[in-house]
Amino acid sequence: MKTILLISGFLACIFVSYSQTDHHVIEELFAGKSLANFEQNIGISPSDYQDQVLMDQIDLEYQNFIDSIRTELNNGMPVAQSDLDWSFQQLVEKIQVTYDFGQNGPVKPNQSGGTPKAANGPCENMDFETGDVTGWELTRGDVTGATPFSYANEWVTGPGPYHTVFGGGNDPITGIPRVNPQGGNFSVRLGNGNGVGARAARLRQTFMVDNTNYMFTYSYAVVFESPANHTLNQLPYFTVRVFDSLGNSVNCGEYTVIADAQNAPNYQQVWWGGTWVLYQNWQTVFTNLSAYIGQNVTVEFTSGDCSLTGHYGYAYVDASCGISELTASNDIICTGDPSVLSAPPGAGTYLWSNGATTQTTTVYAGGTYSCTITPFQGGACSVTLDITITENPEPTADFTMNSNTVCVNEPVVFTDQSTIPPPGTIVGYRWDFGDGIVTPVGTGAIGGVPNTSGTYLNPTHTYTAAGVYNVELYVISADGCEDIITYPVTVNALPVVVAGPNQTVCEGTQVTLNGAGALTYAWNNGVINGVAFTPNVGSTTFTVIGTDANGCLNSDQVDVSVNALPNVVAGPDQSVCVGDQVTLNGAGASAYVWNNGVMNGVPFTPVLGTTTYTVTGTDANGCENDDQVDVTVNPLPVVNAGPDQAGCEDVQITLNAAGSQNLAWNNGVMNGVPFTQADGTMTYIVYDTLSTGCSASDSVRVEIYQNPIVFANDADVCPGEGVVLNGAGAVSYSWNNGVTDGVMFYPEQTDEYIVTGTDANGCIGRDTVTVATHDAPFADFRIMQLDLTTLDPTTGFQNLSVGAVSYEWEFGDGSGISTEFEPTHTFPTDEPGEYEIILTAYSAEGCPDVAVKYVHVFSEYTIYVPNTFTPDGNGANEIFKPVMVGFDPDDFELLIFNRWGDIIFESHNMEVGWDGTFAGQDYQVQDGVYTWKITAGLEFTNDTKIFVGHVSLLK
C-alpha cells in the first residue's frame, strides 16, 4: 500500500503580472511538461485519480512551479531550457519521494469517465442550491490540442479547485458576479481559475424527462485568456452539450466558444495580468425537452485551458429543469381590474399576444394570452406559452338619503340603490358612516351597531358630532367582485350658546346680560338681552335660548348674586419713636388697601410728626368700605460711642461716649474707666434714653492682637562648621550674642541664643535655642600588605581610628564603598599600578575625619617550558608549547633551531606550538635536542623578556 504524506499547510499561489510574450516563453519552456505529463512522470496509478485531496495537492505543486517561473520572467531573469528541465525533474523526484509513488513507468487515467448517474433518475440539484454538487458527475481531463475542444484522458474526480461551488462574490479578474443574477444562491466555477497546465474540467448529469422537468434552462459566464499566435485547436474553450441516450444532440441545447475574438464576437475584453482576457457576462439558454418525455437526456458542461500550458480558461454555470409557464398576479379578475402577466426571466426577447415585448405585461380583460420566449441562441429555439384569465361582472354601488344636511343628533335615513348586470348577484353590504362607525358586511336587519337602526337596504344613522362625513357603501357580488360609492353628509353643530359668566356684585350695582354663540336670544325673568338692570340682594338664575342661522337651537344659564357692603375698622391711634416700625391692620373685611403706600399687616417706618392713614376694606364678595387712624412719631436722643480701638495683649482700653446723663454700656464697661480685654475683637454698645421713652445707641469695635508665638530650632555642629539660626512665627527677628537671623556664624562652644520676633501688628514674642558643638573623631589605618602583585592582589586593612562609630572605605579601583570596620580587598589583576585608599570615619554625631594612604600592585609573570615531547601520533605529548602567564599575547615569538642554527619552526601565537615538522612541511625532523628561543612582552608594561633553552624530540 502507498503511504501518502499529508502536507501541513498549502503554499500560497503566486499571481504576478507578465506579458503576452512571457506566456509564449512559458509555453515553449513547458512543451511536453503539461499537468498530464507531470502526473505521468511522477507515476500515479488509476486509483490515485480517485483521491481528490492527493490530486488537488499535486495540481497545487505544479501550479506553484509554473508561478515561480513566471515570477523569474516577470523580474527580467532569463530561464534556460536546461535549467527548467533539471528543475522539473527535481520536482518530479520530490513528489515521488514525498508521496511515495512507485517507479513503474507512466500510466494513464481511467478512460471510462467514471460511473455515470443511474438511468431514469430524476433531475437533481441542477441549480446547486444544496450548496454542493450532489447529483452531478465530475470529471477532469487533458487538453491535447489535437482538435478544437479536445478533452482526453478523462477521469472521475470530486469537488475541488476544478469544480468549486460559490455562494457569492465577484470574479477577481473581470468583476462579474460569481452567482447567476437571474436567481438562486449558488453557482459552480468549472476550471481552476487562472491556473494553467493544459487541464480541462467537466460537469455531467443524466435524467429522465417527464411532464415536470421538460423545460431545461442553463446560464453561463465565461472567462479565458485570448493568446495571439495560437491555432483554434490550442486555445482555451467552453462547451455545453445536451444529448439523448443515443448521443444525438438536442436542438437548442448546445453552445461552444473558443478564446478567439472572431469566434466570440459578443465577448468583452479586459487587460489583466499583462494580457487580454475575453469574458462573457451571464447568459441564459432555454431548451425545450418536451419531445423527449419518457427518455433519458444528458447535459454536459466542459471548460478547458490552452493546450500549450500557458493560458487559462474557466466558466461559471447554473441550471434548472422544470416546467416553464406564464404566471399572473390574478388569474380571476372583475371587469376593469388589472392582472400582471409574467414570463420566465433570462430570455433574449419576449413577444406577447397583446404586442408587449417586455418580460411582464398588464391586461384588463379576461381571455387567453400567449407569449413567445426567444433565448439568446435565436428564434429557432423559441417557446410559446399560454395563460387564461377569467373575468366576472362587477356590481355598481349607489344610495340616496332623506337629507344631506342635518343638525347634530338629527337622524339621517339612507336607501340602497345598488345594481349588478345579470347573472351576477349582490350578496353583501357594508356601510361606513364616516364617523368611525362601520357595519360588518351583511344583509337584512342591522343589529349591534352604535347610533344605527333599520336594515342594510334602508339604515338610519344619527350623528353626535358636527362635520362633513363621507358615507361609503361597499357591495360585493357572489363572484367576489366589489364596488364602493361615497356621498358626503353635512352635520351642522348645535350653536354653542353662552349666557355669560356667573356674576357676583355688591348691593346697588347694575348688571347687563348678553347671550353669545347664536343669532337671536330670549331671556326669562323679564330680562332683555344687552339691557342693564339692578338685581336684588341674594342669588337669581337667568336662562337664555339662542337660535343660529341654520335654525339649530341651544340654551345656557347664568347666576347673578348680590352681596351687602362690609363694616371696615382701621384700628386705634398710635405713638412711636423715630425709626420704630408700625403695623396697621384693618378689620371687618377680607382685603385692605391703605393710602400713603402702607401695606396692611406689613410693618413700616413712619416719618417724624403726626400722619392720618385711610384704609379701604374689601370683603370676600368684592364689596368695599373705608376707615382712618392717626400715627404720631417722636424724635430719638443723639449718642456717640467714640472711634474703634486696637492694641496688643495686656494693654488697657478706655471708652468715652458723648450724650445725655442717662448713658449705659454693655459688658460691664463704665464710661471713662480703663479695663483689660482678652485677645480677639469685641463690640461695645452704649445706650441713651429720653423722657419720651425713645432711646438710641452707638457701638465701638475693640481688637486685641495676640502676641506672636516665636520659635527657632536647636542645632548641632562639628568643629569648624557654620550654623544658620532662623526665627519663625513673626515677621522680623533679632538675636542676642551678635547673631543675625538667617546669616551663618561659626560657634566655638555650646551656648544659648535668644530670638525676639515682631509680627505685622507690632506685637512681640521670644524663644531660646541651644547650639551644641561636638568633637570630631580621629581617622587612621594600616595597610597589612603593601607590596601586591597581579598574581596576589589581595590585602587587609587595620582600623586605627579613635572616637568613630561608622566608616566608609574607598579603594581607588572603582569597586564602590565598603562600610566594614576592617575590610579585606582584592585589586584588579589586569591593571597594575598605585591605588589611593581613603578612610572616612564618623562620630556618633556624624562628624567626619579622613585618612588617605596608597598601595601598589606590581605586574608578575610565570613561564613553563617542557624539555621533552613525543610527536609519535599516540595522542599524548604531541606538541611542544610553553605555558606563559602575565605576558602580552600580541607580543610573542617562538623560534626552533637545529644543530646548525637554522630556524626550522616559527610561531607568533601562544596557542600554536611545534608539532615536530620541518619548516611547516609534511615530514618530521629526526630525534634529537633542539634549541628554542622565546621573546615576549609583559602585560601592562613596555618591558620585553627573552628566554632560551633546549628541548628533546623523541618518537
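Biologist: Let me start with one residue. What is the relative accessible area of R241?

Modeller: This is a predicted model, so every value here is computed from it. The relative accessible area of R241 is 28%. Buried means under 20% and exposed means over 50%. R241 therefore counts as partly exposed.

Biologist: Which residue does the side chain of R241 meet in a salt bridge?

Modeller: First, the general idea. Side chains of opposite charge can pair when their charged atoms come close. Here R241 pairs with E254, at 3.7 Å from N to O. R241 sits in strand β7, residues 237-244, while E254 is in the loop between β7 and β8. The two are 13 residues apart. E254 is partly exposed as well, at 36% relative accessibility.

Biologist: Which residues do salt bridges with shared partners join into one network?

Modeller: The network holds E137, E154, R202, R204 and E300. Take E300 with R202. Their side chains form a salt bridge of 3.7 Å, N to O. E300 belongs to strand β11 (residues 296-304) and R202 to strand β5 (residues 199-208), so this pair ties together parts 98 residues apart in sequence. Both E300 and R202 are buried.

Biologist: How far apart are the closest N and O atoms of R204 and E300?

Modeller: They are 3.0 Å apart, and the pair forms a salt bridge. R204 is buried, as is E300. Across the structure, the count of salt bridges is 10.

Biologist: Now the sheets. In what order do the five strands of the open sheet stand?

Modeller: Again, the idea first. Strands of a sheet pair through backbone hydrogen bonds, either parallel or antiparallel. In this sheet the order is β49-β55-β54-β51-β52, with mixed pairing. The edges are β49 (787-789) and β52 (817-818). Each has a single partner strand, so one side of each has no neighbour in the sheet.

Biologist: How many bridges join β49 to β55?

Modeller: There are three, and the two strands run parallel. Strand β55 covers residues 848-858. To find the pairing on screen, look for T789, which stands opposite F858 in β55.

Biologist: What does L289 touch?

Modeller: Leaving out residues up to four places away in sequence, L289 touches F207, V209, Y214, F216, V242, V250 and V297.

Biologist: Which residues make the nonpolar surface patch?

Modeller: V578, L608 and L636 make it, and its area is about 230 Å². V578 is in the loop between β34 (574-577) and β35 (591-594). V578 has 31% relative accessibility, so V578 is partly exposed.

Biologist: One last residue. Where does T455 lie?

Modeller: T455 is in the loop between β24 (452-454) and β25 (459-462). Its relative accessible area is 32%, which means partly exposed. Beyond residues up to four places away in sequence, T455 touches G444, A445 and I446. For scale, compare T455 with T794. Their C-alpha atoms are separated by 133 Å, and the two residues are 339 apart along the chain.

Conventions:
Residues numbered from 1 in each chain as written. Predicted model: local features only at pLDDT ≥ 70, side-chain atom pairs only at ≥ 80, totals over all residues. Heavy atoms only, no water. Salt bridge = Lys/Arg side-chain N within 4 Å of Asp/Glu carboxyl O. Helix = DSSP H or I, 4+ residues; strand = E, 2+ residues; numbered from the N terminus. Buried < 20%, exposed > 50% of the residue type's maximum accessible area, 1.4 Å probe, protein only. Pairing = 2+ DSSP bridges. Contact = heavy atoms within 4.5 Å. Patch = residues over 30% accessible without salt bridge, like charges linked within 9 Å, V, L, I, M, F, W, Y side chains within 5 Å. Areas by Shrake-Rupley, 256 points an atom, 1.4 Å probe, with all protein chains shown as cover.
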